[in-house]
Amino acid sequence: MFPKINLKILSKNISVASIVFLLTVSCGTKKIVVKDSEPVLSLIPIPAEIIYDRAVVSYFELTNTAEIFVEPENEEIKNVAEQLAEKLRTSTGCALKVSSSNGRTEKGNIYLKLINDNSSGDEGYKLSVTKDFVTLEASKPAGLFYGVQTLRQLFPNEIESGIIKKIPWRIRTISIKDFSRYKWRGAMLDVARHFFKVDDVKKYIDLLAFYKINKLHLHLSDDQGWRIEIKSWQNLTKIGGSTAVNGDPGGYYTQEDYKEIVKYAREKFITIIPEIDLPGHTNAALASYPELNCSGIAPKIYTGIEVGFSSLCIEKEITYKFIDNVIKELAAITPGEYIHIGGDEAKSTNEKDYIKFIERVESHGKRMIGWEEISKANISSSSVSQFWDSPQHAIAAAKRGMKLILSPSTKIYLDMKYNESTPLGLFWAGYTDVKKSYSWDPETEIPGVINNNILGIEAPLWSETLKTIKDIEYMAFPRLAGAAEIAWSQKRLRQWENYRERLIIHSKRFDALGVNYYSSPEIK
Ligand code: TNX
């Protein structure tokens, strides 16, 4: 018999070349260096606690007779179980029926259970893999969903390929306890500079969910394009949605398309945050309706990439009627709590008008989010400010009692080039390699802003230079996985060398997922 051995990740003692684990044996403690490539070492985001027995190599093996049992049997939990079943069916060929456990436990099966213990919070879970069972427990369906994402990463990479493979479908016996650090784990996609079809957005949602990201902010309007159908102002999409940067093809989401995206995201525990950028970044709207311009003359559709030249007419009442109609229609198809009103780079609106404008558009039933500049206005502490560039705006927002979403452009603007030879992207905020985008922490990013002010983080992807989902993937990965870890994982576990080691192994999973990631020299 082997002694019982507990293996816990030790974050402080991580060597440069490898991940060091603390081995607790009944007769004492010693360090060992793990250099193999077991999937357990490549979990991203890293869970709060991992315990597994390294001396006794044992596995849970999925066989043809395996089933997934849920308890209690309700729609939300069945939906989570079905998503796991579908992944496993398409890769293993097993039938994997999903049904109620009725309190039974039989060997060889996977169990998803809601429990009455909220010690891991609303998003946390406990995952236990023994030779006989896989048991996933959480106090909320969201926790089960996140546990399923971790479970996927424990299976061989081939689980992601979508092709049936005859390999041993087994997982090392392990016990994981996990919970989230921040409530806001966001990504932003600019669908205005270039338009991305519903299926592309869904593919991005799949990837976000896999890394436990729970907000997708859609930048739906800008100078170059208006991308959401507004029934009371149809020219917005007819004219304003007709093209894109460089005169590339335009497009827009009908309200039905948008609802489909919202529903799809919801099944993956992602809230869609719609943004209508105001009062600047509005050339597409101004080109669609002459009456929205102070001059009464509509400008031409814009296909360049400059910013800061457009503004709605602050003085005209029709501006506010327009905004009321747009926000009302959008709010009606947005079940989430928030609407983003932009507010950035309004360089063609003077400061007095800008403040007046933001104060007037603030209350629309939903909670308002705006880019950092909104904190110049006297707005409610329930509104949220999104930091991207200037600490003084973030500090002003914190002083007002507003919560912050951190999107530092020098760290997690996914449209920044990795280095001078990156073919896509911009570099105004500096080249951002994988290490730079990982090696920062929300708590220490802005002097004077404390953790209590921070809702979480969000990684924006602006699309001036991006045209396809493959372009999106190239700029987002691997940096988005790092952003997800910053948002989800416990601070004490985050360390670049440890992350780098995991990411090297984890890259094979990007391959299996078919993600067109940037194979950085940092992860070779
Ligand atoms: C700044 S950051 C912008 C966007 C651009 C982006 C390009 C912010 C709130 N506005 O309009 O697309 O830079 O990186």
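1. Between domain 1 and domain 2 of this predicted model, the count is 1 salt bridge. The side chains of Glu123 and Arg185 meet in a salt bridge, with 2.6 Å from N to O.

2. The domain assignment places domain 1 at residues 60–178 and domain 2 at residues 185–497 of the protein chain, and their centres, taken over C-alpha atoms, are 35 Å apart. To the contact between them, domain 1 contributes 16 residues and domain 2 contributes 10 residues. About 1,100 Å² is buried between domain 1 and domain 2, with 55% of that area on carbon and sulfur atoms.

3. Turning to the ligand, there are 14 residues around it, of which Arg193, Tyr413, Asp415, Trp428 and Glu464 come nearest. By residue class, the shell around the ligand comprises 8 nonpolar, 1 polar and 5 charged residues.

4. Which side chains place a polar atom at a listed distance from an oxygen atom of the ligand? For Trp428, a polar side-chain atom lies 2.7 Å from a ligand oxygen, while for Glu464 an N or O atom of the side chain is 2.6 Å from an oxygen atom of the ligand. A nitrogen atom of the ligand, in turn, is 3.0 Å from an N or O atom in the side chain of Asp344. Of the 360 Å² of accessible area that the ligand has on its own, the protein covers 98%.

Conventions
Residues numbered from 1 in each chain as written. Predicted model: local features only at pLDDT ≥ 70, side-chain atom pairs only at ≥ 80, totals over all residues. Heavy atoms only, no water. Near = heavy atom within 4 Å. Polar contact = N/O pair within 3.5 Å; in protein donor to acceptor, adjacent residues only side chain to side chain. Areas by Shrake-Rupley, 256 points an atom, 1.4 Å probe, with all protein chains shown as cover. Nonpolar A, V, L, I, M, F, W, Y, C, P; charged D, E, K, R; others polar. Domains from an automatic or database assignment. Contact = heavy atoms within 4.5 Å. Buried area = accessible area lost by both parts, 1.4 Å probe. Salt bridge = Lys/Arg side-chain N within 4 Å of Asp/Glu carboxyl O.
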